[in-house]
Amino acid sequence: MDAIRDRTLVGSSDLDLEAVKRPTREEAMEAVRTLIAWAGDDPRREGVIDTPKRVVDAYAEWFEGYKLDPAKELSRTFEDVQGYDDIVMLRDIEVESHCEHHMAPFLGKAYVAYMPTNRVVGISKLAKVVEIFARRLQTQETMTQQIADAITDSLRPAGVAVLIDAAHQCMTTRGVHHRHVSTITTQFTGVFKTDASLRQRFLDFVNKR
């Protein structure tokens, strides 16, 4: 049975930090039936009898990022860039993730740039890195940092810039019920952090329409 590892555990050092056993598919489906009953419905009702299967299938897709390695996606690089030494940037990368506090979706766009030194990576790989981290239970702040760190660790660029703009349904559909509110997070490293004019160029590209 697979074990759930590689997570930050909160608590003192004397806690039992053994890996959590991953439930079986049937156990996961039974958990969904329990939630349906807790919500006040009958999991045997025709309209929801197949819901546990659908939910488990959806979770397998929404959280496939746990099975994927961003470093592997960034491992194939190219050194023949004909002397190119300016920003490489992807705009409007779709972000579809889930808040780790309420397991509610948050949806938006990511903007990712790096300043290459002696190598570049295929542009689709940058989008794939965003997707990998998005398809995990997340906070937007953590995901922004993780994307920047993954690019930095794999490409060793002169700098990385990441901006995510997303709307959180845990805020719009529950709690304070504030719609049309988005959250913006940023992370700048290297020359994007030290050079204000370069950072402004990135932000201008983000806002260009």
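Here are a few notes on this predicted model, from the whole chain down to one annotated site.

1. Overall build. The protein chain has eight helices and nine strands. Its C-alpha trace spans about 65 × 40 × 35 Å along the principal axes. Of the 209 residues, 34% count as buried.

2. Contacts along the sequence. If you take contacts in the protein chain with a separation of 6 or more, 65% of them come from residues 24 or more positions apart.

3. The accessible surface of the chain comes to about 13200 Å², and carbon and sulfur atoms hold 51% of that. There are 28 positive and 32 negative charges, and their mean positions lie 2 Å apart.

4. The annotated site. An unreviewed UniProt entry lists Cys99, His102 and Cys170 under "binding site". They are spread over 72 residues of sequence, yet they cluster in space, with a largest C-alpha distance of 7.5 Å.

5. Cys99. This one sits in strand β4, which covers residues 88-99. Cys99 counts as buried because its relative accessible area is 6%, under the 20% cut-off.

6. His102. Here we are in the loop between β4 and β5. At 41% relative accessibility, His102 falls between the 20% and 50% cut-offs, so it counts as partly exposed. With neighbours within four places left aside, His102 is in contact with Cys170 and Arg174.

How values were computed. Residues numbered from 1 in each chain as written. Predicted model: local features only at pLDDT ≥ 70, side-chain atom pairs only at ≥ 80, totals over all residues. Heavy atoms only, no water. UniProt positions renumbered as here; feature names shortened; annotations may be inferred. Helix = DSSP H or I, 4+ residues; strand = E, 2+ residues; numbered from the N terminus. Buried < 20%, exposed > 50% of the residue type's maximum accessible area, 1.4 Å probe, protein only. Contact = heavy atoms within 4.5 Å. Areas by Shrake-Rupley, 256 points an atom, 1.4 Å probe, with all protein chains shown as cover. Lys, Arg positive; Asp, Glu negative; His and termini not counted. Charge placed at Lys NZ, Arg CZ, Asp CG, Glu CD.
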